[in-house]
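This report describes a predicted model.

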Amino acid sequence: MPLTATLTAAGAHFDAAGRVRDFGNPPAELAALQQGVVVSPLTQFGLIRFSGEDSTLFLNGQLSSDVRALGETAAQYSSYSTPKGRMLASFLVLRDGDDYLLQVAAELQPAIQKRLSMYVLRSKTRASDAGGEWLRLGVAGPRAASLVADVAGSVPEAPLTVLVGESLKVVRLPGERFEILARPEVAGALWQKLVEHGAQPAGEAVWRLTEIRAGIPWVTAATQEEFVPQMANMELIGAVSFTKGCYPGQEIVARTQYLGKLKRRALLARSEVEPAAGQEVYSPEMNGQASGKVVQAAPAPDGGYEALVVVQTSSLEHGLHLHAPDGPALTLLPAPYPLEAPAQ
């Protein structure tokens, strides 16, 4: 059975954009993330393929990461920015033989694919939509590793390493998380097998929560051109190379790094009221000006919401608030990784 039909039979509720919102019981989905394992169709992401002998050279001149270092058994985060260094998109980049796969927010894919294609010129590379070639499932929770091992035979050992099979790719992501890329002819059966082995079907908001908790800043339409990569911790998750040479925005990124001008960071926070991506965050000492913005937010298992926010670090001692300097408070949560960049 095709994956879409399998998801529909499983009770999936789709939104207007075709993303799987939930499976009818969001509290049970969140509880399973805490206690067991969830499987989520990653319909919120699109996939761009770059093929051709100049793909490595072309992408290395456009993205913030060093794609030359990427082999087929590894993945890396990356970003694409304006000449002013503001992120237009963030990616998870994989190899597919000699080709590259760029996972990006689905709502951004058409425009980003078109924009990148405009700069191909005489390069021997071509961008195409690969979303129908590899269907993607996310598996997360305390039991995720054992479940994926049961289904796939083994699991990658380290974060951002990839197990490559004939019709599957298994990517170990930061946190207790895995992404499985499956050929369409096996994706439906794979879903059924994961569920039969105890995975709770879960919608987009649950997977978004796992990304927030891992500190992964996905750029969406609400946050395009809002952040220089380091503001969103991109260099802390391996998405920025400071040694590979030029790409759009590289001068701004390098200046931010080496002149110590970084005044904002992405932090995890909790709120009792619902934040939204792109919403401004305030602090009393900013004289009514916003201190930063919400990157993403999602419901939390124990009530309330968790969010990834980019804010002025000078605001932390004064408190962070939604809507206004005296609005609902944000409570900071422990960071999932050190907030200092590793030595170059």
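## Terms for helices and strands

Strands are DSSP runs of E with at least two residues, and they are numbered from the N terminus. Helices are runs of H or I with at least four residues, numbered in the same way.

S128 has a relative accessibility of 14%. Buried means under 20%, so S128 counts as buried. Leaving aside residues up to four places away in sequence, S128 touches L47, I48, R49 and Q113.

Q109 belongs to helix α4, which covers residues 109-118. Its relative accessibility is 8%, so Q109 is also classed as buried. With residues up to four places away in sequence not counted, Q109 is in contact with G46, L47, I48, V104 and D129. T4 is 105 residues from Q109 in sequence, and the two C-alpha atoms are 20 Å apart in space.

## Nonpolar cores

The largest nonpolar core consists of 70 residues. Within this core, the residues with the most contacts are F50, Y77, F91, L102 and I112. Strand β6, residues 87-96, contributes the most to the core, giving seven residues. Another core lies apart from it and has 25 residues, including V148, V170, F178 and A199.

What does F91 touch, not counting residues up to four places away in sequence? The contacts of F91 are L63, Q76, Y77, S78, S79, Y80, L102, Q103, V104, I112 and W218.

## Helices α2 and α7

Two packed helices are described by the angle between their axes and the distance between the axes. For helix α2 (residues 26-35) and helix α7 (residues 204-214), the axes come within 10 Å and the crossing angle is roughly 40°. The crossing in which α2 passes α7 is right-handed.

Which residues of α2 and α7 meet? On the α2 side they are E29, L30, L33 and Q34, and on the α7 side V206, L209, T210 and R213. By type, the residues of this contact are four nonpolar, two polar and two charged.

Key: Residues numbered from 1 in each chain as written. Predicted model: local features only at pLDDT ≥ 70, side-chain atom pairs only at ≥ 80, totals over all residues. Heavy atoms only, no water. Core = buried A, V, L, I, M, F, W, Y, C linked by side-chain atoms within 4.5 Å. Buried < 20%, exposed > 50% of the residue type's maximum accessible area, 1.4 Å probe, protein only. Contact = heavy atoms within 4.5 Å. Axes fitted to C-alpha atoms, helices over the stretch in contact; angles between N-to-C directions. Left-handed = near helix turned anticlockwise from the far one by under 90°. Nonpolar A, V, L, I, M, F, W, Y, C, P; charged D, E, K, R; others polar.
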